[in-house]
Amino acid sequence: MAHVPFEYGLYLAAALFLIGLVGVLVRRNLIFVLASIEIMLNAAGLAFVVAGSRWGQPDGQVMFFFILSMAAAEVAVGLALALLFRRAFGSLDIDQASRMRG
Amino acid sequence: MTVAFYLAGAVALIATLLVVTRHDTIHALLYLIVSLFAVAVVFYTLGAPFVAALEVIVYAGAIIVLFLFTVMLLNIGHEAEGDERRRLRPVSWLGPGLLAGVLLVGLGVAIAGGATAQTGARVVGPREVGVALYGPYAIGVELASTLLLAALIGARHLGQRRREPDAGSPATAAVVTDGAGDTGPPAALAHDVGDPQPAAADEAPAAPLPAVRFWRRDDR
């Protein structure tokens with residue numbers, strides 16, 4: 001049971017979220033973009049759990065549960081789209097999505 | 001336990017940085033597993049053992065394994081890795097990195113301006129979380145299950161291989177005869193895997209015929 005200041009947990013969540021944001025902005029591989037989105041969702045969940053721990057309430061963990069199910073849904077659809085993308089364009093480079101017609 | 005928080009936090013930051021900077025997809029995903037385990041340790045030290053277990057089981061165990069299976073299914077070769085290496089020059093990540101750094105400073109100032117408090121007043125165990133989940137948050141659980149069902153149906157719909165609607169009739173006829181002539185799955189597999197790679201090199205989106213051939217024949 002750690003007694004760390006509340007802010008340090010939020011700093012960690014903010015840093016992880018921004019690393020994920022940089023990943024989304026910089027990487028061009030669709031798999032890396034999806035993994036970076038997972039990092040960002042996980043960081044948001046971490047902020048909820050830190051807040052729940054600050055007040056000693058279960059609500060933060062409940063919110064993490066909802067974020068988890070949303071991440072699972074997002075990754076299932078996202079990876080199915082990645083398969084389709086690879087099939088249609090022959091690569092995972094998301095810049096090629098600008099050539100979509102219709 | 002306080003030391004464990006800082007240690008796991010440092011591991012999470014380093015592993016996440018490595019995820020974003022790796023060229024090889026498999027390496028990045030393995031670092032992502034390390035990062036998620038470290039965040040699970042952070043959850044545990046903060047007095048949330050239930051979500052720590054969920055993080056290991058669902059995130060690292062299910063979601064990242066789904067990623068790994070997809071990477072293996074897509075058979076991403078080393079040509080993509082060279083492409084990533086070429087794209088990850090400082091000129092391409094410096095701008096987004098600096099802007100994100102500015103955002104991080106802003107967030108840090110906002111967090112530091114609040115009242116300080118200690119975490120980990122008490123352990124909130126699975127029992128309390130379950131009572132909250134099926135008490136006041138019961139509608140949320142129902143919505144989450146509906147969302148997962150929608151994702152299941154959506155992923156199944158997207159994963160279903162079908163012919164391109166705009167493919168001309170000669171191409172479609174060629175696909176059908178191709179399917180009738182195939183003797184077995186190994187030949188079809190080698191054909192499918194081998195075909196798109198050369199097309200991907202220079203003029204991938206322009207060539208309709210390999211893309212059409214890539215659909216599975218519906219021979220049920």
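## Phe66 of chain A

Phe66(A) sits in helix 3 (residues 59–89) of chain A. Helices here are DSSP runs of H or I with at least four residues, strands are runs of E with at least two, and both are numbered from the N terminus. This is a predicted model, in which local features need pLDDT of at least 70 and side-chain atom pairs count only at pLDDT 80 or more, while totals for chains, interfaces and linings use all residues. Residues are numbered from 1 along each chain as its sequence is written, and chains are lettered from A and ligands numbered from 1 in the order in which they are written.

Phe66(A) counts as partly exposed because it has 18 C-beta neighbours inside 10 Å. The scale is simple: 20 or more other C-beta atoms within 10 Å make a residue buried, 12 or fewer make it exposed, and anything in between is partly exposed, with C-beta atoms placed from the backbone. Leaving aside neighbours within four places in sequence, Phe66(A) contacts Gly140(B) and Ala144(B). A contact means that the C-beta atoms of two residues, placed from the backbone, lie within 7 Å. Within its own chain, Phe66(A) is 21 residues from Gly45(A) in sequence and 9.0 Å from it in space, C-alpha to C-alpha.

## Chain A

Chain A has three helices and zero strands. Its radius of gyration is 17 Å, well over the 13 Å that the globule rule gives for 102 residues, so chain A is more spread out than a compact globule. The radius is taken over C-alpha atoms, and the rule is 2.2 Å times the number of residues to the power 0.38. Along the principal axes, the C-alpha atoms fill a box of roughly 50 × 25 × 20 Å.

Of the 102 residues of chain A, 63% are buried. Among contacts in chain A with a separation of 6 or more, 49% join residues 24 or more positions apart. Helix 1 of chain A has 17 of its 21 residues buried, so it is largely enclosed by the rest of the structure. This helix reaches 31 Å from first C-alpha to last, close to the 30 Å expected at 1.5 Å a residue. The expected span is 1.5 Å times one less than the number of residues.

## Helix 1 of chain B

Helix 1 of chain B covers residues 2–21, and its end C-alpha atoms are 29 Å apart, in agreement with the 28 Å that its 20 residues should span. Its buried residues are Phe5(B), Ala8(B), Gly9(B), Ala12(B), Ala15(B), Thr16(B), Val19(B) and Val20(B).

The face turned away from the buried side carries the exposed residues Val3(B) and Ala10(B).

## The interface

In all, 81 residues of chain B contact 70 residues of chain A. Helix 3 of chain B gives the most to the chain B side, with twelve residues. That side divides into 60 nonpolar, 17 polar and four charged residues. Here Ala, Val, Leu, Ile, Met, Phe, Trp, Tyr, Cys and Pro count as nonpolar, Asp, Glu, Lys and Arg as charged, and the others, Gly among them, as polar.

## Confidence

The model scores ipTM 0.92 and pTM 0.77. Chain B has a mean pLDDT of 77, and 70% of its residues reach 70 or more. pLDDT is the predictor's confidence in each residue, from 0 to 100. Over residues 168–204 of chain B the pLDDT is below 50. Where pLDDT is low, the predicted coordinates should not be read in detail.
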